[in-house]
Amino acid sequence: MAAQLPSIQDSPPSHKELFYNGQWHAPLSKEYRETFNPGNGSVIDQVAQAGARDVDAAVEAAHQAFAGWRSTPPAQRAAYLRKAADVIRQHAEQLALLDALNTGNPVAEMLSDAKVAAANLDYFAGLTPMVRGETIPQSDDSFHYTLREPLGVVARIIAFNHPAMFAGAKMAALLAAGNTVIIKPPDQAPLSCLRLAEILSDVFPPGVLNILPEGVECGKALSTHPLVSKVTLIGSVPTGKAIQRAAADTLKPTLCEYRQTGQGVARGMNFTWAGQSCGSTSRVFLHESHHDEVLRRVRDYVRTHFKPGVPTDPSTTMGPVISKAVQERVLSYIESAKQEGAELLLGGKAPTGIPEIEGGYFVEPTIFANVQPHMRIAREEIFGPVMSVFKWTDEDEVIRQVNDTRYGLTAAIYTQSMATAHRTVPKIETGFIWVNQVGNHFLGIPFGGFKESGSGRRSVWTSCCRLRRRSVSMLACGDAADMQR
């Protein structure tokens, strides 16, 4: 696989500006910001920062392009999406290397991200002809029908843990349905999205796909812009709340066996991405009858399989967190857990004695046992490589503890009894639940959370279209020949 990777020097995008209306534009504020390699703390480059005036120009371009894109025949839109998928596959290694360089996620794992993005584009290309409504008969002389119509200009705000995948995959349904899209890359890791703009610049008509790197000001401007019909976010709870507050004035919708069990728990924590995944198994509830054995297997598996290393090295199995500030925040959670009496089984500090990652924002894979529900690590989202393990005896009480949180995106149940699974699943307050597996995602299956982990579900068309209803009187349609015309 190493021979397939392009050189790091040849991988960064040539453009560091704003991409809209099919062209590259310098920011009107002339502001640029450094982007970092969290693997060693070094500066990679300077990237343009979109301000409110830049957002105005990009939204206007996307709005002007919307009329032509929505009227493009579905088969032709599908062809655009398939071409985009092919282009992404051709550049998969480069996108993976950029994300490894800019996010710290190991390059061997990031290769699948570009493939997921391409698969989503192909999938929704095939579904493009299915953007349709239905007829509803009411009587002999009248009927109703519904139409699924694209929303217009949709803004997507992307998280830093899988930039190329989130950008490529999550624009697929929107474009298939006839929307134009503005993507705001993560301010910590914008490079793969800028490269995505370069390789797709000749695929879609001007204004259909636009990419604006920046932070808070750009997100706020997109959320409040009257010509932006919807804002979608993959990100933190505070960011989601800020987006919803900003969008409220314009009424935008937002979308914000022991061995098997041990390995599932360990892999589900996503230590490869330093725990920076919204579906990580950060809280683990083990029944007292197998608590010690499973916990031992989890600890041994993590110690053996996840070792911090240089993100762009294909042999690396664990990357850093995204920034120095995040590293300090995660380490503060670890200290609070120690002070509150949790038992540290593994990790608990920044790694030392590894010269090639010195200066990087690494935290060792960390496991705490004897965690209690009142502890800070049990109640707050760390979004880092820290796993909290609880021991339980009573089913009703453990379900109460599982649900006693502000969050509710994913859960995983491991059991030998299907009766237990069917009894337990409806009681758990999360939007997506795995049984005897963890971390798998499936094309076409709705995904979303409860509580502060999101509103709504990402299903096939509901997040991309509005459903318009029509009532039609048969008497007003003339005879069959007139109807055919």
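**Entry 1**

I began with E198 and R195, and both are buried (buried means under 20% relative accessible area, exposed over 50%, partly exposed in between, with a 1.4 Å probe and protein chains only). This is a predicted model, where local features need pLDDT of at least 70, side-chain atom pairs count only at pLDDT 80 or more, and totals for chains, interfaces and linings use all residues. Residues are numbered from 1 along each chain as its sequence is written, and side-chain values use heavy atoms, with hydrogens and water left out.

E198 and R195 form a salt bridge, and their closest N and O atoms are 2.6 Å apart. For this term I used a side-chain nitrogen of Lys or Arg within 4 Å of a carboxyl oxygen of Asp or Glu. The two residues are three apart in helix α7, so about one helical turn separates them. Helices (H or I, at least four residues) and strands (E, at least two) are DSSP runs, numbered from the N terminus.

**Entry 1: other salt bridges**

How many salt bridges are there by this rule? I noted 18. As a reminder to myself, side chains of opposite charge can pair when their charged atoms come close.

I looked next at R89 and D122, whose side chains meet in a salt bridge at 2.5 Å, N to O. This pair links distant parts of the chain: R89 is in helix α2 and D122 in helix α4 (residues 107-127), 33 residues apart. With a relative accessibility of 36%, R89 is partly exposed. D122 is also partly exposed, at 27%.

Then I turned to R296 and D300, which form a salt bridge with the closest N and O atoms 3.3 Å apart. Both lie in helix α11, four residues apart, or about one turn of the helix. R296 has a relative accessible area of 34% and is partly exposed; D300, at 25%, is partly exposed too. I also found that a network of salt bridges links E293, R296, R297, R299, D300 and R303.

**Entry 2: aromatic rings**

How many aromatic pairs does the structure hold? I wrote down nine. Rings of Phe, Tyr and Trp (its six-membered ring) pair if their centres lie within 6.5 Å; planes under 30 degrees apart count as stacked, over 60 as edge-to-face and the rest as tilted.

W69 and Y80 make a tilted pair, 5.3 Å centre to centre with 55° between the planes. W69 lies in helix α1 (residues 52-70) and Y80 in helix α2 (residues 74-90), so the pair ties together parts 11 residues apart in sequence. W69 is buried, at 1% relative accessibility.

I then checked F271 and F306, another tilted pair, with 5.6 Å between centres and 45° between planes. This pair also joins distant parts of the chain, 35 residues apart: F271 sits in the loop between α10 (258-268) and β11 (283-287), and F306 in the loop between α11 (291-305) and α12 (324-339). F271 is buried at 0%, and F306 counts as buried at 10%.

One aromatic cluster is formed by W69, Y80 and F204.

R376 lies over the face of Y333, at 4.0 Å from the ring centre.

**Entry 3: nonpolar cores**

I looked up the nonpolar cores, meaning sets of buried Ala, Val, Leu, Ile, Met, Phe, Trp, Tyr and Cys residues joined through side-chain atoms within 4.5 Å. The largest has 48 residues, and L81, I88, L200 and F204 touch the most other members. Which helix gives the most to this core? Helix α7 (residues 191-200) does, with seven residues. Another core lies apart from it, with 42 residues that include M318, Y361, M375 and V386.

Leaving aside neighbours within four places in sequence, I88 is in contact with L95, A114, A118, L121, L196, I199 and L200.

S277 is in the loop between α10 and β11. Is S277 buried or exposed? S277 counts as buried, at 16% relative accessibility. Not counting residues up to four places away in sequence, S277 touches N161, N270 and F383.

Last, I searched for disulfides (pairs of cysteine sulfur atoms within 2.5 Å) and the whole structure gave zero. C218 is buried at 0% relative accessibility, whereas C278 is partly exposed at 39%.

Key
A charge sits over a ring if NZ of Lys or CZ of Arg is within 6 Å of the ring centre and within 35 degrees of the ring normal. Contact means heavy atoms within 4.5 Å.
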